[in-house]
Amino acid sequence: MVLPGILFMIVFCYIPIYGLTIAFKNYTVIDTLSSAPWVGLDNFRIIMSDKYFWDAVVNTLGISFLKLGIGFVIPIILAIMIYELNSGRFKKFVQTVSYLPHFLSWIVLGGMLITWFSTTGLFNELLLGLGIISQPQNILLDAGKYWWIATLSDIWKEAGWGTILYLAIMSKIDPTYYEAAKIDGASRMRQIWNITLPNMKSIISLNLILTVSGLLGSNLDQTLVLMNSQNREKAEVINSYVYRMGMSQGDFSYATAVGLGVSIISVILLVTANKITSKLNDNQSVL
Amino acid sequence: MFNIHRVLGQRGVKGCAALLTAVLMVTGCSGGSGGSSEANWVSIEDRYTVDPEKPAWQLDKKEEVTDLTWYVNADWWNTDFGKDIVTKKIKEDLNINIKFITGDDTKLNTFFAGGDMPDLLTVFDSNSQVVSKASTWAIPLNDLAEKYDPYFNKVAAADTLKWFQQADGKTYGYPNYSNTQADYDSGNIPAKTAFIIRKDVYEALGSPVMGTPEQFQSVMKQIKEKFPSLIPFGFNAIGGGTGSLGDALQDFIGVPLETENGEFYDRNLDEDYLTWLKTLNAVYRDGNISDDSFADDGTAFEEKVKSGKYAAMLLDGTPQQGGNLQIYMSDNEGKEYIAIDGPQSTKGHAPTLNQSGITGWMINFISKDAKDPAKAMQIFTHLLSEEGQILMNYGIEGETFKKKADGTVELLPAVKDMQLHNADQFKKDYRLGEFMFFGHDRHKALSADAFPEAIKQMQAWGKGKLTPHFILENINPNLGTAEARALSAINTKWNSTLVSMLRSKDDASFDNALAAYQSFLEENRWADIVKIRSEKMKQNKEKLGMQ
């Protein structure tokens, strides 16, 4: 029974690893993996001196940490708020509305955002109406605001969806805990702090590990839709850079080298996050 | 060692099998085609004897239908074959059946990696590695012509063949819309760039002259006053490039193509051009260029063209916008866009508008894996001949078009009517002007029906303003080199610098953006790139016999 699984892993996960050798070669579409000439660490040396790559690293980290800092907490708060709602109908309504954006792709959402941010769009009309600005400006052309646009729009899209796991774990909490707390005179906030949150600890840790290990690999779809010539210096992330170098410029070796580097750093992040969270969970590792 | 034996013993045959499979797969993967295969030279002995005076497709007696696969590196290509009047005739004439496969660069790369190549291949980027290394995977057209179809040399343009010649003295690919000097001289190539303005706006302002920067800025102000719902000035979507504000504007005001010594000239830093960019910045600051124009993609731009949102535009690619301009014109009689002289050089240069050059557009190859290279070669000859060209553009005489006494061509009324009023059905039944692997401008000039009404005035305006840019074709550093990487960084930087300059809040930030770009050039091997480009320009001139 195990054999098909092993074979699957070998064929689709391990053999393709061989393709990573092109990071150490000067590969063109005409070559095969074996015929391309070896260049040693040349591609990595070029990466080190590439200003655009480092811009992309800074942006990836900036946007990802903003998303992590704000976007990680909001689903937890939202889940607790939904959990605390009494009315069943209102609860359903809130859940449906908050889940909805998750099901729309970035192509659709990005298109909506581009229209809303244009000079004749929703936001400019609003700001003009409120007298905050006097001249309409295309907000997406303003590089300085891009990180916030990326972060907030991502939270809008994913926060509702992120509550599902938390709501599931909360439904497993034994209601007698709350009853006992109520008899002891604990306030609602106290109940959340002492009962709800400790019970969610393991799932929060797991989520954190998964999020941290994916820090460098996220944001591609969003960036490809929202990036333009003016916000590029703040919008380009590692993934979109790899995509641009590999797909549109045909520099496969270079793109692979960047991808390999990113994978290595992601593994380090994963292990570190696991170490930290296991410390927080009485030395029990979630992975 | 003992441990390994024990482990192998425990895991037994299954483990060994998996390991073996893995090893086999790895070696299999690394094998690939590598383009080392030999061309499949089929014998035509019992089919026909070649005749330089007669195309081989008329001689070939092969009875069974030849099935060919043809990869086109464009998702939008219509893969039907043999259903419409054009491809049905080709199918009958050549006794072939073509299966088209379309895709993007990823799919193209898969063909090379997988080693199972199609018979024919069409790509677009003449600077790509696929084209520059064609000798490893394609059959030279010279050899094909000699062995199978010498008539090819009669229908192919010698200049184009020479232009695509590789280091081994052979030519592997043949493009469409390859315009030679003779084509330019004939006057049959229509201009595709124009400064256009809505007729109602132009007339309401008393047909103003707007050649100098001051006049231009002032006319834009007047447009804003009289037509507040319109955006006074627009241009092609910028995206990752420069829209029509880069080389299209440079050509429009006639920025020189080379230095006086015949070396590479940095047209982006030309004084005349920068004066005009400053003017556009002033227009922007007056509120007469919309911020959205810098963020719009192609579709958003087309929507604005279709609805007449811009009062005036510097438009590059009038044929591509022909449909949208026609839609606007049909719905808004008397308000259609017309071409006027627009911005002029402050140095007195005449426009040097560009058109498709000798490199052309789609480049067609016959791969070494072609099952029947003789048949494949016959397609090239057939489509390149006068007969093939007329068929692609106008169909069959008597069935779809008639020849007039002066030698020009006219579509029959029923066909013309369908083209105007039922474009989808027209495409399905006739597909005229669409099967253009070897299409050419000079055959478009044979008929008034080749272009939509809306752009004819623009093309007439452009007469005599075209200048070939042959010397500037394919002069970029070879891909994969440090210079090529530096150039792509520079292009990215120029793209954002141009927009920053146009959106500057004051003169100082305009100058700062420009200065930052100039120092970026110095830090990124610009001198080396200029050297390579000058060298390649020299080679171009040699190829074209200009030295």
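The model is a predicted one, in which local features need pLDDT of at least 70 and side-chain atom pairs count only at pLDDT 80 or more, while totals for chains, interfaces and linings use all residues. Residues are numbered from 1 along each chain as its sequence is written, chains are lettered from A and ligands numbered from 1 in the order in which they are written, and side-chain values use heavy atoms, with hydrogens and water left out.

**Helix α5 of chain A**

- Helix α5(A) covers residues 88-99, and its 12 residues should span 16 Å at 1.5 Å a residue, which agrees with the 16 Å between its end C-alpha atoms; the expected span is 1.5 Å times one less than the number of residues, and helices are DSSP runs (H or I, at least four residues), as strands are (E, at least two), numbered from the N terminus.
- Val94(A), Gln95(A), Ser98(A) and Tyr99(A) are the buried residues of α5(A), where buried means under 20% relative accessible area, exposed over 50% and partly exposed in between (1.4 Å probe, protein chains only).
- Seen down the axis of α5(A), these buried residues fall within an arc of 120°, so they line one face of the helix; the arc is that of the directions from the helix axis to the C-beta atoms.
- On the other side of α5(A), the exposed residues are Arg89(A), Lys92(A) and Phe93(A).

**The second largest pocket**

- The second largest pocket has a volume of about 740 Å³, and among the 24 residues that line it, Ser126(B), Asn127(B), Ser132(B), Asn478(B) and Lys536(B) are the closest to its centre.
- A pocket is an open set of points on a 1 Å grid over the protein atoms alone, where a 1.4 Å probe fits, with protein on both sides within 12 Å along at least five of seven lines, and lining residues have an atom within 4 Å of a point.
- Helix α25(B) gives the most to this lining, with 4 residues, while α5 (129-132), α8 (158-163) and α25 (526-544) of chain B each supply at least two.

**Positive phi in chain B**

- Tyr177(B), in the loop between β4 (173-175) and α9 (181-186) of chain B, has a positive phi of about 50° although it is not a glycine, and this residue is buried, with a relative accessible area of 12%.
- Arg525(B), in the loop between α24 (507-523) and α25 of chain B, likewise has a positive phi, of about 55°, without being a glycine, and at 41% relative accessibility Arg525(B) counts as partly exposed.

Methods
Points joined across faces, edges and corners; volume = space filled by probe spheres on them.
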